[in-house]
Amino acid sequence: MPKLLVLNNISKSFSGIKVLENISLQIEKGKVHALMGENGAGKSTLMKILVGLLQADEGGILLEGEVISGLSVHDILGKGIAMIHQELLMVPELSVAQNIFLGKESQRFSWLNESDIYTKSKQILADLKLDISPKIKVKNLSIADRQMVEIAKAISNNAKVIIMDEPTSALSDAEVKILFDIIEKLKNQGVAIIYISHKMDEIFKVADIITVLRDGKLIETKPAVDLNSQKLINLMVGREISELFPKENIDKGKVMISVKNLGRKNVFQDINFEVKAGEVLGLAGLVGAGRSEIVRAIYGLDILDSGAVEIDGEVVEINSPLDAIKHGIGFVSEDRKAIGIVPQLSIKENISLSSLQKFSQFGFINSEVETESTKKFYQDLKINASGLGQKVINLSGGNQQKVVIAKVLLSNPKIIILDEPTRGIDVGAKFEIYKLINILKAKGLAIILISSEMPEILGLSDRVLVLSQGKQKAILSKSEASQEKIMQYAVH
Amino acid sequence: MRFINSLRQYGIFFAFFIICCFLSYASGQFLTFSNWTIIFTQVSINALLAFGVTFVIITGGIDLSIGSIVAVAGVVAALLASQPDLPLIVPILGGLLAGLFIGFVNGIIITKSKIAPFIVTLGIMTIGRGLALILSKGRPISNLSDSFNFIGGGDIFGIPLPIIILIIVFIICYLLLKNTVFGRYVYAIGGNEQAAYASGINVNKIKIAVYALCGTLAGLAGILLTSRITTGQPNAGAGFELDAIAAAIIGGSSTSGGTGTIAGTLIGALLIGVINNGLDLLNVSSYYQQVIMGAIIIGAVLLDSWNQKKLLS
């Protein structure tokens, strides 16, 4: 059988540094081909070359025997290669149907034929068994639904190859299941899927073939059945990671933070918990259960309608992040692009942003002290960059996340909130963040952890609070908590 | 990396250098001390405005009201300077406070109402022009005290006072933006306002301070202009905001916020001054000068985005 898509000896260099070296791939019809590798391994660059956003220095790409390398993004899309972007690219103010047909609107004598695109969109969404109205504006959709709309858009382009870059990073387990059903359907229609993800369990559920990249080189292409997660991790990092969640027994101290009857209208109600020094409280639940909303409110980013937050046994008033930081709360947001990093500033300037008062006299920054203090975290967290002066915009996701964590740690918090701290970052960096969480526990910090990855919640938390639709369903101890039990509470 | 990062800045310095070389070749008068004194004096008012607007642009905002503030501050200073018995400090403080006040109002409305800075300062621009006309009853105010007229017309050891003021303000703004917590916050807000807020920065306070600073510098520019032309003109300063914004942008500030420097803005203002001066020396009609100026603004930004692309690939 002729291969659907063939990449031949693709090489690419950026300013003299080889980021891809002789990569050859063969993608088959109706198969899910997973692309694995740490951040910086070259997956994104390879995909950008495939869809025409970048040009390869050497090598060629054939789709059904026809050369497509060198074509424009628009032409390659027309040939049937579509990409579902990690950062979803849609026009929020337009409707679902208008987004699906963006750039290929139905026309009648140069007038838009809106009813036609609504009818067609309805059909496409129904085929995917999606319960999304084509008339709703995209800005009103959840991230999960937006992703589904992106897939619908790819299908409307008669895509033969669909590239999914971290498609589940913002999805709950239930939504992941819907996505996998859709992937199954697409496979049966003969569509090939290139699937990029860092999540092991998912890869083995969905992938038929796995290719591992490391440092711009192709390490291995194998059927998924011939691999397991340990083998795969070893191939990706080129070293053994013996234990994913390092275990350390730490004595719990006094209660650092306790929240009572927290409520925000139509978002969450009656939330009660406490976290001790040296303890990790995991918040589990499906997307939309209110996990992030609760911690945002505690940190002063959103307003609480009811309830009280006590720190060190005293009720505190938190109306802004500034108040929260003053009371010793640190927050690593799930959305580091939107509220984590300042891309144009350097690593040093980002890390020091919450603590500048400490390094300044009469409003002037003491540059030496600033450099010394930030350098410590730069080294401890093993941020991989050319130096403290490098702009954060040029860092990989994992390193950006480390910068945000360094910023929070430098402000010397007693309580730290980690909202999806490992989203979209590679295995090596994830492991380092797990180790860091244990170090912080040992130092006596109280930690509130949100993660959509069940193994993370189970592996790191001392207790797990399960939420469902804004309501607190249970607090499970480490021995009680299991994937099944959490799901049971989360879906009810 | 440090070198590459500052390449943008060097691009403007380099362009400035090339143009100066060309003009000194084309006109013998260009590279004389007296000509440069003229250039700097002419540039001083635009540069003061451009320094202020640079802070605003870095936060991701814009201030269209500074031309009107020049007029209001000028009229206020002139009214006070035409009273025979008042000491010099009174008209100076009066002009500065008028600018500070209007800038403060800009900042309050922008941060409290969340209306776009473009709209707010457009409104304040019109209100300011009206205020200048009301205060002056629509007539120029003359017979200003000699000491007041010395600010814009006098010199110390042969160096015109406006140049000395320009240098002092340049140093203050340069240090403020580069070495203070305030300056760092200005960059952080322009780079990512939400991240700045989540990092514990009082975003509204900094923004109000930035508009107040911009207004105060416009007030200072108004005092200088009034003193130089020895009259308070309610119609003074019309269109000055656009030259100031142009200087900041030529100097490397991005209207999307987060980038820009005071040194770059000074070069931007000087570039505009040098080109106007050079074209005068070469007897190019002022009609053509405007066309050339516009082309340079677009060219500078093009050069900039071209540099950026080269850095990324």
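**View 1. Two domains of chain A, their centres 31 Å apart over C-alpha atoms.** In this predicted model, local features need pLDDT of at least 70 and side-chain atom pairs count only at pLDDT 80 or more, while totals for chains, interfaces and linings use all residues. Residues are numbered from 1 along each chain as its sequence is written, chains are lettered from A and ligands numbered from 1 in the order written, and side-chain values use heavy atoms, without hydrogens and water. Domain 1 of chain A spans 5-237, and domain 2 spans 255-490. The bounds come from an automatic or database domain assignment. Domain 1 of chain A gives 18 residues to the contact and domain 2 of chain A gives 17; contact means heavy atoms within 4.5 Å. About 1300 Å² is buried between the two domains, 56% of it from carbon and sulfur atoms. Buried area is the accessible area (1.4 Å probe) that two parts lose on being put together, summed over both.

**View 2. The interface of chain A with chain B.** Here 34 residues of chain A touch 24 residues of chain B. The buried area is about 2300 Å². Carbon and sulfur atoms give 59% of that area. On the chain A side, A:Ile339, A:Gln344 and A:Leu353 lose the most area to chain B. Together they account for 20% of what that side buries.

**View 3. Helix α4 against helix α11 in chain B.** Helix α4(B) covers residues 66-81 and helix α11(B) covers residues 203-229. Helices (H or I, at least four residues) are DSSP runs, numbered from the N terminus. The two axes come within 7 Å and cross at roughly 55 degrees. That angle makes α4(B) oblique to α11(B). Axes are lines fitted to C-alpha atoms over the stretch in contact, and angles run from 0 to 180 degrees between N-to-C directions. Angles under 35 degrees count as roughly parallel, over 145 as roughly antiparallel, 65 to 115 as roughly perpendicular and the rest as oblique. The crossing is right-handed: the near helix is turned clockwise from the far one by less than a right angle. Contact residues of α4(B) include B:Ile66, B:Val70 and B:Ala77; those of α11(B) include B:Cys214, B:Gly219 and B:Leu225. By class, the contact has 11 nonpolar, five polar and no charged residues. Ala, Val, Leu, Ile, Met, Phe, Trp, Tyr, Cys and Pro count as nonpolar, Asp, Glu, Lys and Arg as charged, and the others, Gly among them, as polar.

**View 4. Helix α5 with helix α6 in chain B.** Helices α5(B) (residues 89-113) and α6(B) (residues 117-136) pack at about 145 degrees, with axes 10 Å apart. Their crossing is right-handed. B:Ile102, B:Val105, B:Asn106, B:Ile109 and B:Ile110 of α5(B) meet B:Pro117, B:Val120, B:Thr121 and B:Ile124 of α6(B). The contact has seven nonpolar, two polar and no charged residues.

**View 5. Helix α7 with helix α8 in chain B.** The axes of α7(B) (residues 146-153) and α8(B) (residues 161-179) come within 6 Å and cross at roughly 70 degrees. The two helices are therefore roughly perpendicular. B:Phe150, B:Ile151 and B:Gly152 of α7(B) contact B:Leu161, B:Pro162 and B:Ile165 of α8(B).

**View 6. The surroundings of A:Asp323.** A:Asp323 lies in helix α10 (residues 321-326) of chain A. Leaving aside neighbours within four places in sequence, A:Asp323 contacts A:Glu317 and A:Ile318. A:Tyr299 is 24 residues from A:Asp323 in sequence and 8.2 Å away, C-alpha to C-alpha.
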